[in-house]
Structure formats: C-alpha cells, structure tokens
Amino acid sequence: MTKRQITVSVDKLRRRRPAESAPPRRLPADERSCPRCQSHWRAEEMRRNLRVCATCGHHFAVSARERVGQLAEGGPWVELWPELRASDPLQFVDLQPYPDRVEKAERGGSDEALICAELEIRGHRCVAAVMDFSFLGGSMGAVVGEKIARAAERCVDKGLPLVVITASGGARMQEGVLALMQMAKTVVAFEALHDAELPTIVLLAHPTTGGVWASFASLGDVTYAEPGALIAFSGPRVIEQTTRETLPDDFGRAETQLAKGQIDAVVDRRDLTTRIARVLAILDRPTGLDPPPAVTWAQHRAEKAAEVAKHLPDLSRRLVAKAKPRRPEDADEEDVE
Amino acid sequence: MSVAARRGGRFVRRLAHRLTGQPETSAAIWETIGLARHQDRPYPLDYIGRLWPEFEELHGDRLYGDDPAIVAGIGRGVGGPVAVIGHQKGRDTAERTYRNFGMPGPEGYRKGMRVMALAEKLDLPLITLIDTPGAFPGSGAEERGQGGAIARSMQTTLRLRVPVIAVVIGEGSSGGALALGVADRVMMLENSTYSVISPEGGAAILWRDAGKARDAAAAFQPTAANCYRWGIADAVVPEPPGGAHRDHDEAARLLGGYITRALRDLRAQPPAERRRLRRERYRRIGAYREVAAGDPAAIAAGRLDATTNGSPGTP
C-alpha cells in the first residue's frame, strides 16, 4: 500500500482506441487520475485502495453505497428506507424545475443524498448514515432529515451506536424553508441519542459545509475528518465575496480545523474502519440495551441481598436466640474494647 | 385563519384574507421582503423597550468576546419576568457597522446559550426575536466554530424546560436565524420573511447571478402566510397598516398580546411534556414521497433490487 507505484499510461492508450466504446461501469478519466500527483489508476486499483491515491494519499470522492461497503469490509449490510424520495413542496423552479434535477441526479446511481444501512464494523453492530455529494451536492432536504431521524430512532430501539459520514453543501435550497427546518430535525434526532446514552461517531468528508456542518455534523461524540476536507459554515467563495478577505489555501481544511480545535482527528480513509472499530470496542456493551457490566453486577448483588433480607427477621431472631448463651471469652474481649 | 380570527382586533380581517387567499404574486413577495428589511422597522431593542420596560442587557459569552449583533438579557413586563435574545441590526451606518448588520458570529450564539442556561436556572420563559440576513461569513467566525455554535444553540433550546417562544420580526435567513428559532411556538410578523437563504444568496448559487434576487424570492416564497401554511409558523402576528415601521408602539402592542396568550397556553403544560412536544414539532416537519419497495419503475432503473437485500462490497 505504501509502496511507490510506477505510473503506466496503458489506460490512456487504451482509451484512445476508437473501437472501445465506454463500458458502463467505467469511471470518467478525471476520477481516476490524481489531481495532485497525476498518477493514474485502473478502476479496480482505485476500488481496492478505497479511492485513495496510493502515491500521494489524495482522497477521491466516494459514493455513499461504496462507503458503506468500505465500512462493512465486504460483510453484509442492509440498506434502510431506500423507498424515501424527494418531493417538491414549493414547486420550485430555478434554471430548471426541481423534479427534473432530482430525476437527473437519480440517474447517476444514488436515489438520495443520504443512505442509511445497518451493518457490522469489525463485529460491532451499528447504524450508518452516509451522505453522497454526487446527489445534488449532498444537499439536505426532507429525505435526509427524515432518514437521520429514523436512523437515530432505530439506534435507540436497538441500542446501537450511530456512525455518520457527511459530504454536503448544506440545506437543499429547492425545498426552501422546509429544508432549513431539517437542521432542527437532525438536532432533535441527536438529542434522542443523547438521552439514550448512545455514542455517535461523525466523519466529515469533503466538503461538509452550510446547514449540515451547522447541525448534526457538529454534534458527534467523536468527530473525525478526512485529509484535505473543506469544513465550514460559509464556503470560501461566499466569505471572499462578502468580506473582501483573501483567504489562505488551507482555509477550512480538516488540518486547519484540527489546529483550531473544531474536530478530534484527521483520519486517513485507509485507517478509518480501524479507528471507528476502536471507539466502538472501547464503548462496547454485551448488547446495546443491557446495562454496563458494573451495573449488572451491582444489580445481581442487590437482588441477592433482597432475597436474603426477606428471610432476615426470623433468621436473625434465630441467630440471636442461638447466641444467647455467650461464652466467657467473648465477654472478656468486649470488656477490653 | 383560525389563529387570526381568534385574536380579534382591527387588522385581523385583512390578515385572514392574506392567509387564506390566493398565493402571493412575485411582486407582492418582493414588496414584503422590502418591508421586512425596512430601515425604520422596529428591531429587538425597540420591542424590548416597550414590552419589557425593566430590562437588564447582559454582555459577553465568557469565552472570547461580546457580539453586538445579538442582544440578550433579562426583563420584566409582558409575561412577567422573561429572558430575551434577539438579532440586532443598526439603523444608521455607524450602528450598522457596530452591529455587523445583524450577522452574529459564534460569540453571539454563545452569549445566547449563556442566557438560555440562565433562563433555565431562574425558571424564566425564553423569548427570541429573529431578524438577520444570516450568520456572519468570515474566516474568524469559522475558526471559532460558527457551525458548531449554531448547532449547539439549537441543541440548548431543545433541552430547556422553560417555555420558548420565537418571533420572526424581520428577515429570518439561513441557519443564522434558525439558531434562535427552535421553540414551542414560532410566530412571524405579518411582513416578516423566513427562508433557507437570503434571496441574493440563493440567486448567486442557483441562478449564478446575484441580480436575480427577485426570481429567487419568488421561488423561495418566504412570506409569513406561506410559512403558516407549511406549518413552520404557528401564528402570524398582524402589523399596523402599512407595516410595523409606521407605528412601533402599535406593533409592539400587537406582538405583546400574542406573546402573553402563547405564554399562558405554554405555562399550562408540564415542563417535561412541553419539551417533548417541542421536539415532536420539529420531528414532524418535512415532505417526502415513499416509493413502494416493489415499484417497477425503480426496479427497472436498477436501484432497488441491488440494495434492499444488502449487497456485500461495492454495488
């Protein structure tokens, strides 16, 4: 993995051949050549490297389903509530009608900006909510809000931890003020997890901005970010336009946010499952709904004591009756004291 | 209509018509936005002076600084002793600069959270007055955790046991407004607006042209009447004829009546129940479709069958 790869441009040559029409599974060239070091990868290599450039460590975007697959490491997982789809409450039209945008985005392979799944990460069962930036900029509309709420409720029902991966430009403007309210809805969802004392792990992927960063993405118990991810409430363009500031290149990047104390760690995607599994292992309980071992132990002792206490009055009476003819040595001892 | 009719009073019939009549034209929406931003429109301190004559303003977030874009404090007047938090814009250039045009940074929200904690401790109902173009976009605000401050402000209001009333008095745009907008009762003044983003911001992003603000406003339909229809606002508070800027005293009087009434209703609820209902209120918001699991169109598109059974690895 850490070995330096030799870049061979076979792919490029092959693609130029006119006979080869684009195979359906194939990614566009820009998703396979690294923008930082120009290394070029075959689709299979990219997939195996978790879409991280093996030469320079650049993190490419990952679709939500592929992410869940990465978390499950080839294990089985079940998608939750895939039937939820966006509706158009405002009959919103900007440069094109909102339903057309949704339909076009659905053709891209995902059906919403967030998918939920139940899976095991290294043997730790959990619910995952993963955002997909390729679907309308990962924007948060009613479906994203509803899925986060349901995911939290499922965690509470089953006593499971929640793992969230965010990648979003913010609230979905085409759903107007209803999209804004989803921020509050997701905070309500995280409050349910707070009350149920269940852990939340949040990974901020590139980019996490706007209403998503200003709601549930900020509320993880443990907050990681991917290297180079932009994390901000207002994006750099908006800030430069509004305040005429010139921002440094590292503005809002994961590493900057770590230095400014806004996140817990910058985690390489190749270490992510290990790190999440470690947190889950630290917090592991026999089953989510069971009280921790210390409590079980204490409760067991208490029940036993209660059982004993039931028989105590006549038992002690009997003991007292037996103890009545005291031996002289005992009396001596008492006198000494 | 029910809310307006229940209130009674001089301006209610006109308001009822506005709430039940035809959707507003884009010209009417743009006019409302102008009124919501009118420079003579009463700001929180104008309402506070009239509704809570005894008012002690509190300053500073005890962490970094004091943000003049948020005013917060405790007062006595309408509803008895209360805690008040609001976005404060400025009326002239000097004050506007000082108040940062009503755009708070994280210090402002943290000052708000401090006062929320105080309200909880002293059992004071919390009233928030919303009037902001949005949270301040600046590198300093980002470094000090603008996003987290907004999220935690909402979280703090959701944890309060005291009654919370939010009133949109001018423009309520983006998360900067919602940070103070999570409440048991959300009211909007007749000519106020509530939107996911300011029309200019929306135009710059969706139309790629900030000059298309009118189009954006027409698309967002951010008026009080619409928010009432969508269930975002529980009540629309009438304003004096021509708008609140024409008569601050009358505007404050009308708002005071609504606050008194809402507080009376809320005080009748047990605190834990009130908090549960507050959460329930936001849990319900949102419109979406449900495609049947066996929807032939979805399956034909290859989206459902591959995922519902759980596919190992990548699809």
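The exercises below, each with a worked solution, concern a predicted model.

**Exercise 1. Describe the overall make-up of chain A: its helices and strands, its burial and its contacts.**

Solution. Begin with secondary structure: chain A holds 13 helices and nine strands. Next take burial. Chain A has 337 residues, and 43% of them count as buried. Last, look at the contacts in chain A with a separation of 6 or more: 70% of these involve residues 24 or more positions apart.

**Exercise 2. Work out which elements of chain A make up the side that touches chain B, and what kinds of residue are found there.**

Solution. Start with the extent of the interface: 62 residues of chain A contact 55 residues of chain B. On the side of chain A, at least two residues each come from helix 3 (64-72), strand 1 (77-80), strand 2 (84-86), helix 5 (142-158), helix 6 (176-195), helix 7 (210-213) and helix 8 (236-243). Of these, helix 6 of chain A gives the largest share, 13 residues. By residue class, the side of chain A that touches chain B has 34 nonpolar, 15 polar and 13 charged residues.

**Exercise 3. Determine how strand 2 of chain A is joined to strand 9 of chain B, and in which direction the two run.**

Solution. Strand 9 of chain B spans residues 288-290, and three bridges join strand 2 of chain A to it. The two strands run antiparallel. As one pair to locate in the structure, Ala86(A) has Tyr288(B) as its bridge partner in strand 9 of chain B.

**Exercise 4. Classify the packing of helix 6 against helix 8 in chain B.**

Solution. First, the geometry: the axes of helix 6 (residues 106-122) and helix 8 (residues 146-159) of chain B come within 9 Å and cross at roughly 20°. Angles under 35 degrees count as roughly parallel, so helix 6 of chain B is roughly parallel to helix 8 of chain B. The crossing of these two helices is left-handed. Now list the residues. Helix 6 of chain B contributes Pro106(B), Tyr109(B), Arg110(B), Gly112(B), Met113(B) and Met116(B). From helix 8 of chain B come Gln146(B), Ala149(B), Ile150(B), Arg152(B), Ser153(B), Thr156(B) and Thr157(B). Sorted by class, the residues of this contact are six nonpolar, five polar and two charged. For the spacing along a helix, recall that an α-helix has 3.6 residues a turn, so residues three or four places apart point the same way.

**Exercise 5. Find which residues of helix 4 of chain B are buried, and what covers them.**

Solution. Helix 4 of chain B covers residues 44-51, and its buried residues are Pro44(B), Asp46(B), Tyr47(B), Ile48(B) and Leu51(B). The covering elements in chain B include strand 1 (54-58), strand 2 (70-77), strand 3 (80-87), strand 4 (126-132), strand 5 (164-173) and helix 13 (248-267).

Note on methods: Residues numbered from 1 in each chain as written. Chains lettered and ligands numbered in written order. Predicted model: local features only at pLDDT ≥ 70, side-chain atom pairs only at ≥ 80, totals over all residues. Axes fitted to C-alpha atoms, helices over the stretch in contact; angles between N-to-C directions. Helix = DSSP H or I, 4+ residues; strand = E, 2+ residues; numbered from the N terminus. Parallel < 35°, antiparallel > 145°, perpendicular 65-115°, else oblique. Left-handed = near helix turned anticlockwise from the far one by under 90°. Contact = placed C-beta atoms within 7 Å. Nonpolar A, V, L, I, M, F, W, Y, C, P; charged D, E, K, R; others polar. Buried ≥ 20, exposed ≤ 12 C-beta atoms within 10 Å, placed from the backbone. Pairing = 2+ DSSP bridges.
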